[in-house]
Amino acid sequence: MSTAMNFSSKSFTPRPPDKGAFPLDHFGECSAFKERFMECLRHSGYESAACRQSAMAYLECRMDRRVIPPGPGDSGEQLMANEPLEKLGFKDLINEKSEEKPEKS
């Protein structure tokens with residue numbers, strides 16, 4: 001009897017999560033970045049904070065690559081949507097990069 005009550009006339013439409021889901025890198029375009037990150041993790045005893053520079057480079061690679069080439073009137077599908085690195089938790093690393101660059105005069 002309780003089984004009948006679980007099925008209602010409302011339909012559920014699944015939707016992907018806002019963040020965290022993106023296409024797999026089937027062609028291995030970013031595998032070198034991934035391997036550098038994994039190697040860093042192994043050398044640091046899996047301390048991810050020590051490998052943030054490698055993680056940032058991997059995410060930048062994913063944002064720069066396309067899964068589907070752009071067509072007319074379309075920019076193609078990316079391995080990862082473009083997102084400011086500050087919003088991904090790399091604001092401090094970006095500030096370090098800009099401080100390292102010599103000022104042009």
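The questions and answers below concern the confidence, the helices and the salt bridges of a predicted model.

In this predicted model, local features need pLDDT of at least 70 and side-chain atom pairs count only at pLDDT 80 or more, while totals for chains, interfaces and linings use all residues. Residues are numbered from 1 along each chain as its sequence is written, and side-chain values use heavy atoms, with hydrogens and water left out.

Q: What is the average pLDDT of the protein?
A: The pLDDT is the predictor's confidence in each residue, on a scale from 0 to 100. In this protein 62% of the residues score at least 70, and the average pLDDT is 78.

Q: What distance does helix H3 reach from its first C-alpha to its last?
A: The expected span of a helix is 1.5 Å times one less than its number of residues. Helix H3 (residues 52-64) has 13 residues, for which 18 Å is expected. The model comes close to that value, with a reach of 18 Å.

Q: Which residues of H3 are buried?
A: A residue counts as buried under 20% relative accessible area, as exposed over 50% and as partly exposed in between, using a 1.4 Å probe and protein chains only. By this criterion the buried residues of H3 are Ala 55, Met 56, Tyr 58, Leu 59, Cys 61, Arg 62 and Met 63.

Q: Which residue forms a salt bridge with Arg 65?
A: A salt bridge requires a side-chain nitrogen of Lys or Arg within 4 Å of a carboxyl oxygen of Asp or Glu, and a search of the whole structure finds five of them. In the one made by Arg 65, the N to O distance is 4.0 Å. Arg 65 lies in the loop between H3 and strand E1 (66-68) and its partner in the loop between H1 and H2, so the pair ties together parts that are 36 residues apart in sequence. The partner, partly exposed at 34% relative accessibility, is Glu 29.

Q: Where do Glu 39 and Arg 42 both lie?
A: The side chains of Glu 39 and Arg 42 meet in a salt bridge with an N to O distance of 3.2 Å. Glu 39 is partly exposed at 33% relative accessibility, and Arg 42 is partly exposed at 40%. The two residues are three apart, about one turn of the helix, and both lie in helix H2.

Methods: Helices (H or I, at least four residues) and strands (E, at least two) are DSSP runs, numbered from the N terminus.
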